[in-house]
Amino acid sequence: MHDSSPTSGQPSTRRLRLGIDLDGVVADFNQGWVDLHNQEFGGSLSPDQVDRWDGLPEVAGFADMREFWAWASPKSHRPSIFRHLATYPGALDALRRLRRSHDVVVVTTKPHWAVHDTFAWLSEVRFPTTEVHITDDKETVECDVYVDDSPHVLARLVADRGDRLILRWVRPWNTELAGTLAVSSWADVERAVAGLADV
Ligand SMILES: [Mg+2]
């Protein structure tokens with residue numbers, strides 16, 4: 001690969017639409033809910049206990065995801081879990097660099113009650129974007145590159161957007177998938193994007 005330093009304005013760089021997932025990619029969802037859970041139930045859960053996509057209710061001590069979401073939703077004394085999630089180290093810096101040459105498009109799935117907390121959160125962290133899609137059908141949002149960690153989303157992207165660059169953010173809850181490229185750092189993402197954009 002050529003020089004992948006994040007400089008802007010090179011005429012040989014194609015401007016790409018980068019579809020960026022939030023939870024598990026930019027926002028540390030598991031740390032966020034675990035912290036709130038420990039605070040409210042007095043336990044000592046840790047985020048690395050979540051190692052399967054469907055393993056979350058069990059770790060949290062709920063019967064199913066419906067019970068989990070009922071707890072995680074806004075209450076009269078606090079907002080939903082999506083209001084105060086930490087960002088992974090380096091994520092926003094990388095997105096700010098990427099934005100110099102590309103369009104950063106947020107493509108995220110959220111419960112209906114989390115929409116306003118999500119917009120508040122995006123604003124609070126000064127997320128470098130002007131385009132946000134909150135949808136269950138991420139493949140309907142046209143992008144050149146997608147970054148996601150959900151095994152279900154990745155499979156749908158491969159099926160419907162298989163001609164695009166689909167970056168699988170490696171997490172314990174997803175596995176190798178044909179048609180995707182594994183990334184495990186923002187440096188990986190920046191390299192992959194530069195590789196596609198350099199013409
Ligand atoms: Mg995700």
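1. Start with the crossing of helix 4 and helix 7, which is right-handed in this predicted model. On the contact itself, helix 4 contributes Ala-91, Ala-94, Arg-97, Leu-98 and Ser-101, while helix 7 brings in Trp-186, Val-189, Glu-190, Val-193 and Ala-197. Sorted by class, that contact between helix 4 and helix 7 comes out at 7 nonpolar, 1 polar and 2 charged residues.

2. Now the geometry of that pair. Helix 4 covers residues 91-101 and helix 7 covers residues 186-197; they pack at an angle of about 10°, and their axes are 10 Å apart. Angles under 35 degrees count as roughly parallel, so that is the label for helix 4 and helix 7.

3. What order do the strands of the open sheet take? Reading across, you get 3-2-1-4-5-6, 6 strands in total, with parallel pairing. Direction ignored, neighbouring strands here are turned by 25° against each other on average.

4. Strand 1 is worth a look from both sides. Strand 1 (residues 17-20) pairs with strand 2 (residues 103-108) in the parallel sense, over 4 bridges.

5. Carry on from strand 4 to strand 5. Strand 5 takes in residues 165-169, and its pairing with strand 4 is parallel, over 4 bridges. Asp-148 has a bridge partner in strand 5, namely Arg-168.

6. Last, the domains. How does the domain assignment divide the protein chain? Domain 1 is given as 17-29 + 85-197, and domain 2 as 30-83. Their C-alpha centres, those of domain 1 and domain 2, lie 22 Å apart. The contact draws 15 residues from domain 1 and 14 residues from domain 2. On the side of domain 1 that touches domain 2, helix 5 (residues 115-124) supplies the largest share, with 4 residues. By class, the residues on that side of domain 1 split into 11 nonpolar, 1 polar and 3 charged.

Definitions and conventions: Residues numbered from 1 in each chain as written. Predicted model: local features only at pLDDT ≥ 70, side-chain atom pairs only at ≥ 80, totals over all residues. Axes fitted to C-alpha atoms, helices over the stretch in contact; angles between N-to-C directions. Helix = DSSP H or I, 4+ residues; strand = E, 2+ residues; numbered from the N terminus. Parallel < 35°, antiparallel > 145°, perpendicular 65-115°, else oblique. Left-handed = near helix turned anticlockwise from the far one by under 90°. Contact = placed C-beta atoms within 7 Å. Nonpolar A, V, L, I, M, F, W, Y, C, P; charged D, E, K, R; others polar. Domains from an automatic or database assignment. Pairing = 2+ DSSP bridges.
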